[in-house]
Amino acid sequence: MLTLLAQANITWHLLPLAAAISLVYNASRYEAPSRILQRAGKHFVMILFILAMILGVLIALSYQL
Amino acid sequence: MQEPQVNLKDPLIASVLAFLVPGLGHLYQGRLFKAVIYSVCIWSLFGYGMSLSGGKIFQYRGGPGKPRTELLSFVAQCGLGGPGLVAIIQGRRYRRLGEQVTTSLNEPISSSFEGSIELQQGEEDLDEVVTGTIELFPQVGQFGDPTIVGRIIGTFENGQTADYTLAEGTRLGPLLRNSPRRAVEADIVTKEGGNTIRSGRLKDASIPRSFWNWFAVPLSNFEEQELHRELGKYHELALVFTMIAGLLNVLAVWDAFDGPAYGYGLDSESDDDDTDSQQPSARSAEPETVGAST
């Protein structure tokens with residue numbers, strides 16, 4: 001699994017990184033496991049969405065360069 | 001002040017444990033779910049960053065005369081207190097012992113061995129990989145200086161037995177270096193008619209280095225440049241993973257010391273905004289024990 005990740009495009013490393021950050025951040029904010037998981041899921045999606053937006057902006061700005 | 005709804009036990013002890021080993025402080029407090037989250041997430045990030053770099057990304061290169069910019073990444077990484085303290089100790093050992101090649105021993109060494117043997121046999125040269133055991137002994141050299149001699153007993157790749165004597169002047173790589181293998185340089189001697197003749201040498205030979213003598217040992221400037229060259233962008237990736245692991249542990253330490261920042265999840269599940277749970281009404285909700293309590 002780790003080998004696969006290391007050989008994949010570097011962008012895929014974002015997924016475990018975002019998941020770990022979401023989980024730890026929300027674990028430090030809440031105590032109830034269900035709340036932690038729920039919030040972490042939302043934050044995970046939000047991180048990916050924001051980064052996808054930034055990627056889209058960068059692609060648009062570099063179009064036909 | 002609101003009474004905590006989880007038993008933090010001794011917050012100071014818990015935070016020190018959480019700082020040294022992510023997850024341990026929460027385990028001490030009986031908050032098993034959080035202990036699992038913190039330990040799995042933080043150790044995974046740190047371990048993956050280390051594995052990407054072959055264990056060479058984590059080190060303390062500070063000290064007198066060193067630029068402070070070299071410390072910035074370490075400051076983030078050492079949010080993991082246990083490995084951070086080990087790195088500081090290793091940095092001090094490295095500055096004290098340096099990178100001197102070992103040319104004398106206080107006591108014999110017997111260790112597993114890997115390397116090639118180059119022998120000049122008449123017109124044909126032998127150059128074969130051998131694995132086995134190496135025995136090194138301290139000895140007084142012919143000019144009265146301490147030196148190292150030794151013997152290799154092993155097998156070649158074709159199954160043939162190898163048994164060779166190592167000449168005076170055998171050298172071992174530095175005791176401390178950020179590599180799990182320690183280089184061995186030696187000439188091979190054979191006896192012919194009562195005379196000792198140097199008939200070959202070891203090539204790319206090494207013995208294992210103990211974990212304590214390589215983990216978190218600082219890289220030299222040359223080794224650091226080589227690591228950049230070998231890893232390319234993965235050098236930065238490994239650095240980011242280990243730094244984020246350290247920074248995330250700061251959150252875990254504070255959680256162990258002061259409990260969850262926003263509350264205990266007793267407010268309405270439909271609340272989506274983080275700020276809502278910071279309201280006094282949420283924090284002062286009817287106490288309900290979540291996690292371990294006594």
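Sort the residues lining the largest pocket by class and you get 8 nonpolar, 7 polar and 3 charged. In that sorting, Ala, Val, Leu, Ile, Met, Phe, Trp, Tyr, Cys and Pro count as nonpolar, Asp, Glu, Lys and Arg as charged, and the others, Gly among them, as polar. This is a predicted model, where local features need pLDDT of at least 70 and side-chain atom pairs count only at pLDDT 80 or more, while totals for chains, interfaces and linings use all residues. Residues are numbered from 1 along each chain as its sequence is written, chains are lettered from A and ligands numbered from 1 in the order in which they are written, and side-chain values use heavy atoms, with hydrogens and water left out.

Back to that pocket. Rolling a probe the size of a water molecule over the atoms shows where empty space is left. Here the search runs on a 1 Å grid over the protein atoms alone, and a pocket is an open set of points where a 1.4 Å probe fits, with protein on both sides within 12 Å along at least five of seven lines; lining residues have an atom within 4 Å of a point. The largest pocket comes to about 430 Å³, a volume being the space filled by probe spheres set on the points, which are joined across faces, edges and corners. Its lining has 18 residues, and Thr102(B), Leu105(B), Ile109(B), Leu175(B) and Arg182(B) lie nearest the centre.

The second largest pocket holds about 320 Å³ of space. Look for Arg177(B), Ser179(B), Arg181(B), Arg209(B) and Glu223(B), which lie nearest its centre in a lining of 21 residues. Strand S5 (171-172), strand S6 (181-185) and H6 of chain B each give two or more residues to that lining; helices (H or I, at least four residues) and strands (E, at least two) are DSSP runs, numbered from the N terminus. By class, the lining has 8 nonpolar, 3 polar and 10 charged residues. Where does this pocket lie? Domain 1 (11-94 + 221-283) and domain 2 (109-213) of chain B both contribute to its lining, so the pocket lies between them. The domain bounds come from an automatic or database domain assignment.

Now for the inside. A nonpolar core is a set of buried Ala, Val, Leu, Ile, Met, Phe, Trp, Tyr and Cys residues joined through side-chain atoms within 4.5 Å. Buried means under 20% relative accessible area, exposed over 50%, and partly exposed in between (1.4 Å probe, protein chains only). The largest core has 37 residues, with Ile42(B), Leu45(B) and Phe58(B) touching the most other members. Helix H2 (14-27) of chain A and, from chain B, helix H3 (32-52), helix H6 (221-231) and helix H7 (233-258) each supply at least two residues of this core.

Chain A has 3 helices and 0 strands, and 29% of its 65 residues are buried. Chain B has 8 helices and 8 strands, with 44% of its 294 residues buried. One backbone detail to finish: Ala216(B) has a positive phi of about 60° although it is not a glycine, and at 0% relative accessibility Ala216(B) counts as buried.
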